[in-house]
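Subject: Handing over the structure

Dear colleague,

I am passing on the structure we spoke about, with the sequence and the coordinates shown just below. Please look through it first, and then read the notes that follow.

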Amino acid sequence: MDKFIGFFRNVTILLFTGALIWSYAFMASQVNYRFDPAGDALGTASKNTYFFGAIIVFLLANVVCSYFTRVLKKITTTEDGRGIRNRSLKKDLINWIKGFAGVLNLFFSLILVFLGLMNMSADYNIKTLGFYVYLGPVLILSWFFYLAVILGKRRS
């Protein structure tokens with residue numbers, strides 16, 4: 001499971017990078033980032049603000065997850081420890097945080113694809129691209145459900 005989560009996180013980093021480059025390349029100098037239910041633009045920003053803002057949010061989320069992973073790795077554990085001092089719980093939490101970074105990267109990639117499609121063409125509207133809006137939060141919620149499963153698991 002550890003190798004799969006590491007692979008997933010690395011793939012989502014590449015996906016985010018590809019989505020950012022793709023969306024940035026096809027956008028006009030002004031980027032629409034807020035839309036009403038009809039799909040009309042309510043807020044705009046410059047293309048450079050969009051690009052650097054996306055990078056900052058991406059780096060911030062990944063640095064925070066990396067920091068928590070490093071902090072957890074420093075905790076000494078035993079097989080029969082209680083709470084976070086339990087070796088299997090610590091390993092599961094480290095894997096969860098690494099996977100959470102991947103889920104966040106996927107969520108950010110979906111946002112970039114959504115914004116790119118909404119800004120590239122008038123053919124797209126909110127109703128046809130609605131699954132991009134809801135897929136990310138559903139993935140994040142399901143990942144927190146997985147955290148509840150990890151914490152509820154009986155350990156020796």
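Which residues in helix 2 are buried? Please keep in mind that this is a predicted model, and that everything below is computed from it. The buried residues of helix 2 are K47, Y50, A54, F58, A61, N62, C65, T69 and L72. Among the elements that cover them are helix 1 (2-25) and helix 3 (87-120), together with strand 1 (30-35) and strand 2 (41-46). Helix 2 itself runs over residues 47-74, which makes 28 residues, and from its first C-alpha to its last it reaches 41 Å, close to the 40 Å expected at 1.5 Å a residue.

Helix 1 can be looked at in the same way. Its 24 residues should span 34 Å at 1.5 Å a residue, and its end C-alpha atoms are 35 Å apart, which agrees. The buried residues of helix 1 are I5, G6, T12, F16, A19, L20 and S23, and they pack against helix 2 and helix 3.

Next come the pairs of helices. Two packed helices are described by the angle between their axes and by the distance between those axes. For helix 1 and helix 2, the axes come within 10 Å and cross at roughly 170°; because an angle over 145 degrees counts as roughly antiparallel, these two helices are roughly antiparallel to each other. On the side of helix 1, the residues that meet helix 2 are I13, F16, L20, S23, Y24 and A25, while helix 2 brings K47, N48, Y50, F51, A54, I55 and F58. Sorted by class, this contact of helix 1 with helix 2 has ten nonpolar, two polar and one charged residues. Several names return here from the lists above: F16, L20 and S23 are among the buried residues of helix 1, and K47, Y50, A54 and F58 are among those of helix 2.

Helix 2 also packs with helix 3, at an angle of about 175° and with the axes 9 Å apart, which makes helix 2 roughly antiparallel to helix 3. The contact is made by residues that include Y50, A54, F58, A61, N62, C65, T69 and L72 of helix 2, and I94, I97, K98, A101, L104 and F108 of helix 3. By class, the contact of helix 2 with helix 3 has 17 nonpolar, three polar and three charged residues.

What angle do the axes of helix 3 and helix 4 make where they cross? They cross at roughly 175° and come within 9 Å, so helix 3 and helix 4 are roughly antiparallel to each other. The residues of the contact of helix 3 with helix 4 divide into 24 nonpolar, two polar and one charged.

K98 counts as buried, at 15% relative accessibility, whereas D2 is partly exposed, with a relative accessible area of 37%.

Another salt bridge joins the side chains of D92 and K153, at 3.8 Å from N to O. This pair also links distant parts of the chain, for D92 is in helix 3 and K153 in the segment after helix 4 (130-152), 61 residues apart. D92 counts as buried at 18% relative accessibility, and K153 as partly exposed at 49%.

In the salt bridge between R87 and E79, the closest N and O atoms are 3.0 Å apart. Both partners count as partly exposed, R87 at 39% relative accessibility and E79 at 49%.

Lastly, please look at A45, which is found in strand 2. Leaving aside its neighbours within four places in sequence, A45 is in contact with S29, Q30, V31 and Y33.

Methods
Residues numbered from 1 in each chain as written. Predicted model: local features only at pLDDT ≥ 70, side-chain atom pairs only at ≥ 80, totals over all residues. Heavy atoms only, no water. Helix = DSSP H or I, 4+ residues; strand = E, 2+ residues; numbered from the N terminus. Expected span 1.5 Å × (residues − 1). Buried < 20%, exposed > 50% of the residue type's maximum accessible area, 1.4 Å probe, protein only. Contact = heavy atoms within 4.5 Å. Salt bridge = Lys/Arg side-chain N within 4 Å of Asp/Glu carboxyl O. Axes fitted to C-alpha atoms, helices over the stretch in contact; angles between N-to-C directions. Parallel < 35°, antiparallel > 145°, perpendicular 65-115°, else oblique. Nonpolar A, V, L, I, M, F, W, Y, C, P; charged D, E, K, R; others polar.
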